[in-house]
Amino acid sequence: MASQSRFGINEWLVDEQYERYLHDPGSVDRTWREFFASAVPVIGRQARNGATTRHDSTDESAMKAVRVAALIEAYRVRGHLVADTDPLTTGQVVAHPELDITEFGLRDDDLPREFVVDGFAGQAAMSLRNVLSSLQEFYCRSVGAEYMHIQSSQERRWVQQRIESPQPRQDVAEQLQILYRLGAAEAFETFLQTKYVGHKRYSLEGGESAIVLLDALLLRSIRQGVREAVIGMAHRGRLNVLANTIGKSYAEIFHEFEDAVDIRSVQGSGDVKYHLGAEGTYRALDGGTIAVSVVANPSHLEIVGPVAQGVVRAKQESAAVGGEAFPVLPIVVHGDAAFAGQGVVSETLNMSQLPGYRTGGTVHIVINNQVGFTTSPASGRSSTYATDVARSVEAPIFHVNGDDPEAVVRVARLAFDYRQTFHKDVIVDLICYRRHGHSEVDDPSITQPAMYDRIDVRASVRKLYAEALVRRGDIGERQVEGALRDYQGHLERAFLETRALSVPHSPKPVNPVDAQNAAAPQVATAITEATARHIIASQTGTPGGFTVHARVLPQLQRRTTMLDAGTIDWATAETLSIGSLLLDGVPVRLAGQDSRRGTFGQRHAVLIDRRTGAEHTPLSSLGSQAASFAPYDSMLSELAALAFEYGYSLARPEALVLWEAQFGDFVNGAQTVIDEYISSSEQKWGQRSGVTLLLPHGLEGQGPDHSSGRIERFLQLCAQGNMTVAMPSLPGNYFHLLRQQALSEHRRPLVVFTPKSMLRSKAATSELTELTTGVFRPVIPDETADTARIRRVLVCSGKVFYDLDAYRRGADLSDAAIVRLERFYPFPEEDLGAELARFPAEAEVRWVQEEPANQGAWSFVGPYVQRLVSRPVACISRPQAPAPAVGSARRHSGEQKDLVMSAFR
């Protein structure tokens, strides 16, 4: 093509500029506008017309000006590829062919010539030599910037203007502060290495500039009036951050190394020291302060990211009344291998601009050690950079050499300012290295010998920076050594104080609750009839001119009649529960896939105007004194979505936080959150959450992936009163369960196995009096049975009760009682024992469940029931199976019929 001789291998760049010009002429520089408006043919036009549109009448000077503009654009797009960002290969960067001037039709004899550059580097015109010098200074030194993938021209120009401007050097005071902080980070690690040989600590050595980076972010935050910063990070460098950023005392950290922490303390039975969270106050030298915290995390690396986002969202909503929308800064610190390798990173990035999850932009810091545990990048990712996944949300990415701490500070300020300006995520890729193995006791030279040969002979960033400052004459040698000695003295004194304390005897383990199965104390959960009618009135009281969908309006109208008819269904009971909590001043957040409408078309928490698409949330119209109701449709995720809600529940304990799975089966996509946070966080970290999981459950012929919320997995995790697991069979009991969860002072997670077909079952309804009186009933007795005639007692939970009851009625069986277990854990021994005691001692007791024998509640419930009746208890269920249900609806129906009949044989 003719244009290839003009632009060579960079024809793509000209075509990209032309596409932008066609969309918005103002989004490209003046040189490009004039070029495209002229008769000069470009690839884009030739591609559309198949031939050059006009004879090339532009003189060589104008053409070369366009080539210079293309060269500038190429550096903006590709310059990061030749930036000097790797401390292990400093000065060894290989030139990129697309940045060679000859590829733009320029020659060495063009270097002294002046060209119009349209404001580049603040100039109207520059020599090609100066253009190249400026491009290399802006894009090829210690910082490599990726931002041209951002679609917004406003954002691109904002970043561009700041990169393409002269960078003032830090003054001596700033340089000394950087040096001191590098010394603090280094001395902390070397001190631990010396005093606690062989201990795992996941050292920051090689990446000490991360402390300087965090300093710069927090100092900027203080000056901009940000109220608080929340840090989520894995274990690499965590102890250093706790000591040098959060302000956790050295003595406290040394106590943890001495294993002298009382396990009866707030941390329960505890966790390893590099998983613990902390709160503190970061103090600037000028007296400014900001609250800062690190979120507790497990070893599952990136899962802490969405948890931290949930914490921040909750804090922002609590603090934003009448103030700034995003007053809390989220900072998430990643490892390079995990950022590229773990899918939860992509899920969390996807949240960043969604209505239910926005936190006003997160500063992501990748501590890029250039290696995983032992896995090299070539085996760990398919992308050029570990950070490439962030391009999906058009986040700018700044790669910075960790051995240039002044560049690190500049990038930190740039990242913070971008976040504050555009309220979007931004990535700082701190390219550094890991001086030791993954956990100090590992020998990394076995798998990365060449890399660790270079690391072994490389001086620390503190030493390199100190030498550079002395060499430049910025500071003297005495100032360098004085700062380091001062910090080492602090550490030594704290260490001696710790060793002087006696190590306490290991106490007997204690449970967080007094009794293994102690349930939270009952609270008053009934409401008045007037409250119920006020809430129901909101369901049809739409704004003037609002058109409710014709299929939805009858459902809302039926809710009004249900109160008097005594046929309150599940959706109405839930509406009354949430509405009454709002009137009690309890905020409610509901999130999940399709949760605003409801997977089964039952909820309609948000109405959509049939004609205009406008939204109306009925429960938000209960009056000015009502608390906020926030129903959200989540993205198609379980892992990050549930982690977010868990984090949110931590920071807003006064709210009812509901997360709903589309089907209960899909909760296994969030198993990490359940195992590492929901079930065990109180035991590990003393961290209490009241998050509530709503998991649609029931075998109804919809196949193995739409039948089971995996009751057995949750019950396997139940111990020490750590959570509540329930499967109510009546709307009224569900109503009281949710209110009990929200109003109880004892916060623990709640897992509710919710109905599907029962949502519209006429048998599964409640009277209004069930809501205006009483409380949640963990056991529902069989009040229809003549106890003296009973020969068989069936104990069950959930939907199967209605199948059993229908069969009993149809067969006119008067010698069988059916008792409903509504709460699995804490197991209601006293209530169930009292109910079973009403029946003759010789009556046979059976447990009935729809699930296969190796699934469902049987393995958990069976020992309890057998102990209560002091004799063997049979289990009526489907046979053991690897899948929860069969795929054939006909086969399911036959199995269900056989199961029900066998319960009475």
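**Entry 1: aromatic pairs.** I counted ring pairs in this predicted model, and the total came to 17 aromatic pairs. I then examined tyrosine 825 and phenylalanine 860, whose ring centres are 6.1 Å apart and whose planes stand at 75 degrees. I recorded the pair as edge-to-face because planes over 60 degrees apart fall in that class. I noted that this pair links distant parts of the chain. Tyrosine 825 belongs to strand 22 (residues 823-825) and phenylalanine 860 to helix 31 (residues 858-869), 35 residues apart.

I next checked burial for both rings. Tyrosine 825 has 0% relative accessibility and counts as buried. Phenylalanine 860, with a relative accessible area of 14%, is buried because the cut-off is under 20%.

I turned to phenylalanine 827 and tyrosine 864, which form a stacked pair with 4.2 Å from centre to centre and 10 degrees between the planes. This pair also links distant parts of the chain, 37 residues apart. Phenylalanine 827 sits in the loop between strand 22 and helix 30 (829-836), whereas tyrosine 864 is in helix 31. I found both phenylalanine 827 and tyrosine 864 buried.

Entry 2: Where does helix 31 lie? I found helix 31 across strand 21, strand 23 and strand 24, running at about 175 degrees to strand 23. Helix 29 (residues 800-811) lies across strand 20, strand 21 and strand 23 (844-852), at about 165 degrees to strand 21.

I traced an open sheet of five strands in the order 19-21-20-23-24, with mixed pairing. Strand 20 (residues 792-796) and strand 21 (residues 816-821) run parallel and are joined by five bridges. I located cysteine 796 opposite arginine 820 of strand 21.

**Entry 3: arginine 589.** I looked up which rings arginine 589 lies over. Arginine 589 is over the face of tyrosine 357, at 5.5 Å from the ring centre. Arginine 589 also lies over the face of tyrosine 648, at 4.9 Å from the ring centre.

**Entry 4: helix 14.** In helix 14 (residues 343-351) I listed Val344, Val345, Thr348, Leu349 and Met351 as buried. Their arc around the axis is only 150 degrees, so they are on the same side of helix 14. I recorded that their cover includes helix 12 (304-319), helix 13 (336-341), strand 8 (363-368) and helix 23 (639-651).

Technical notes
Residues are numbered from 1 along each chain as its sequence is written. This is a predicted model: local features need pLDDT of at least 70, side-chain atom pairs count only at pLDDT 80 or more; totals for chains, interfaces and linings use all residues. Side-chain values use heavy atoms; hydrogens and water are left out. Rings of Phe, Tyr and Trp (its six-membered ring) pair if their centres lie within 6.5 Å; planes under 30 degrees apart count as stacked, over 60 as edge-to-face and the rest as tilted. Helices (H or I, at least four residues) and strands (E, at least two) are DSSP runs, numbered from the N terminus. Buried means under 20% relative accessible area, exposed over 50%, partly exposed in between (1.4 Å probe, protein chains only). A charge sits over a ring if NZ of Lys or CZ of Arg is within 6 Å of the ring centre and within 35 degrees of the ring normal. The arc is that of the directions from the helix axis to the C-beta atoms. Contact means heavy atoms within 4.5 Å. Two strands pair if DSSP finds at least two bridges between them. Axes are lines fitted to C-alpha atoms, for helices over the stretch in contact, and angles run from 0 to 180 degrees between N-to-C directions.
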